[in-house]
Amino acid sequence: MGEKTSFQLGVVGALFLSVASSVSIVICNKALMSNLGFPFATTLTSWHLMVTFVALHVALRFNFFENKPIDMKTVILFGILNGVSIGFLNLSLGFNSIGFYQMTKLAIIPFTVLLETIFLKKQFSRNIKFSLLILLLGVGIASITDLQLNFVGTILSLLAIVTTCVGQILTNTIQKRLNISSTQLLYQSAPFQAAILFVTGPMVDQFLTKKNVFAHKYSNVVLGFILLSCLIAVSVNFSTFLVIGKTSPVTYQVLGHLKTCLVLGFGYTLLHDPFTSRNIVGILVAIVGMGLYSFFCTHETKRKQLGDHSSTPQVREKDSSTPLLAGKDGYQDKENHESKKLSKISLV
């Protein structure tokens, strides 16, 4: 019982850290990119990962965690995949309208459910699917403004969806099958993610912004915000791996849409961004969807724990999913509309 309570507290802590750090970095990046004129999102993300690796290396030296060797081929492919997914997300935003980009982000949840159903043999109940539908509807109402299709943008969006979903599923699968912690996986993969973005980032940013990151004038204020963004990114990257490891890719995406609603709210109250009745209605619908999702997950988990084999659990396998505030056996940018529109950044 004590172990279960400890795990629940760990899940709550991971979720809180993820939300707090993600909202903080969105506000920081908005100031950096919109107010200070630093639009180089992909390059900035590579710096985030480099600082994350350095921070974890220092933590390793002080024995805050134990390094566990992982098959190098697995780590390299995993790191490259996550780095490529960030590049595709940024390119998708560059070639598509804000509305179509939001549709791309929304499509990650159903596509993740589809992939887990086909390849991992997970089974999601009708109640879970219904709650996810309500959630997606709410976020769509709150954030989608326009839809403009083009061939190149559509292809890039599909590639972004596939690579993001596969990367997040692998984050969960690798941690559980190799019995490694989120810190150990992040420490091993961060250098490869950083390397792929460090090489391709300046080219992607110049293509999207028509500006050279190395020719930018770096004032003390800009350098200060870049440093602050990198420090917050350590928490963002760590909490991302932690949440996916403790819960599942689907729950992480649900949490991501909660961040979207929160940042929209913070943008209105703190930054005086435009806020309409449509935003309010969308956020309320999304909150209902998130509430239903957590309720159904918790209810089905309890039924499973009571040994009610006649019920249809959300996931029928050893590594089951975890609801937003449930126990162990239950179920990286661009976190929101504002960060996509103003920051053009996707964090791992």
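Figure 1. A residue is called buried under 20% relative accessible area, exposed over 50% and partly exposed in between, with a 1.4 Å probe and protein chains only. By this criterion, 54% of the 348 residues in the protein are buried. The model is a predicted one, in which local features need pLDDT of at least 70 and side-chain atom pairs count only at pLDDT 80 or more, while totals for chains, interfaces and linings use all residues. Residues are numbered from 1 along each chain as its sequence is written, and side-chain values use heavy atoms, with hydrogens and water left out. The protein has eleven helices and zero strands; helices (H or I, at least four residues) and strands (E, at least two) are DSSP runs numbered from the N terminus.

**Figure 2. Spans annotated as transmembrane.** The unreviewed UniProt entry lists residues 38-62, 74-93, 99-120, 127-145, 151-173, 224-245 and 277-296 under "transmembrane region". The positions follow the numbering used here, feature names are shortened, and annotations may be inferred rather than shown by experiment. In the model, residues 99-120 are 95% helix and 0% strand, with 31 Å between the end C-alpha atoms. For residues 127-145 the corresponding values are 89% helix and 0% strand, with end C-alpha atoms 29 Å apart.

Figure 3. The expected span of a helix is 1.5 Å times one less than its number of residues. Helix α2 (residues 41-61) contains 21 residues and reaches 30 Å from its first C-alpha to its last, close to the expected 30 Å. Buried residues of α2 include A41, T45, H48, T52, L56 and L60. Just after α2, N63 adopts a positive phi of about 60 degrees. Helix α6 (residues 151-177) has 27 residues and should span 39 Å, which agrees with the 39 Å between its end C-alpha atoms. N179, which follows α6, also has a positive phi, near 55 degrees.

**Figure 4. Aromatic pairs.** The structure holds eight aromatic pairs; rings of Phe, Tyr and Trp (its six-membered ring) pair if their centres lie within 6.5 Å, and planes under 30 degrees apart count as stacked, over 60 as edge-to-face and the rest as tilted. F38 and F40 form an edge-to-face pair, at 5.1 Å centre to centre and with 80 degrees between the planes. Both F38 and F40 are buried. The pair of F78 and F241 is edge-to-face as well, with 6.0 Å between centres and 85 degrees between planes. F78 lies in helix α3 (residues 72-95) and F241 in helix α8 (residues 220-246), so this pair ties together parts that are 163 residues apart in sequence. F78 is buried at 2% relative accessible area, and F241 is buried at 1%. Ring pairs also link F38, F40, W47 and Y218 into a cluster.

Figure 5. S182 lies in helix α7 (residues 182-209) and is buried, with a relative accessible area of 4%. Leaving aside neighbours within four places in sequence, S182 is in contact (heavy atoms within 4.5 Å) with Q175, F238, F241 and L242. Q188 also lies in helix α7 and is buried at 13% relative accessible area. The side chains of Q188 and N67 are joined by a polar contact of 3.1 Å; such a contact is a pair of N or O atoms within 3.5 Å, and within protein one must be able to donate a hydrogen and the other to accept it, while residues adjacent in sequence count only if both atoms are side-chain atoms. Not counting residues up to four places away in sequence, Q188 touches N67, K68, P69, I70 and V75.

Figure 6. F88 has its place in helix α3. Apart from residues up to four places away in sequence, F88 touches L156, L159, A160 and T163. The C-alpha atoms of F88 and V204 are separated by 9.6 Å, although the two residues are 116 residues apart along the chain.

**Figure 7. Loop lysines with positive phi.** K121 is found in the loop between α4 (98-119) and α5 (126-143). K121 is not a glycine, yet its phi is positive, about 60 degrees; K121 is exposed, at 59% relative accessibility. K210 is found in the loop between α7 and α8 and has a positive phi near 65 degrees. K210 is exposed, at 65% relative accessibility. K210 lies over the face of F207, at 5.3 Å from the ring centre; a charge sits over a ring if NZ of Lys or CZ of Arg is within 6 Å of the ring centre and within 35 degrees of the ring normal.
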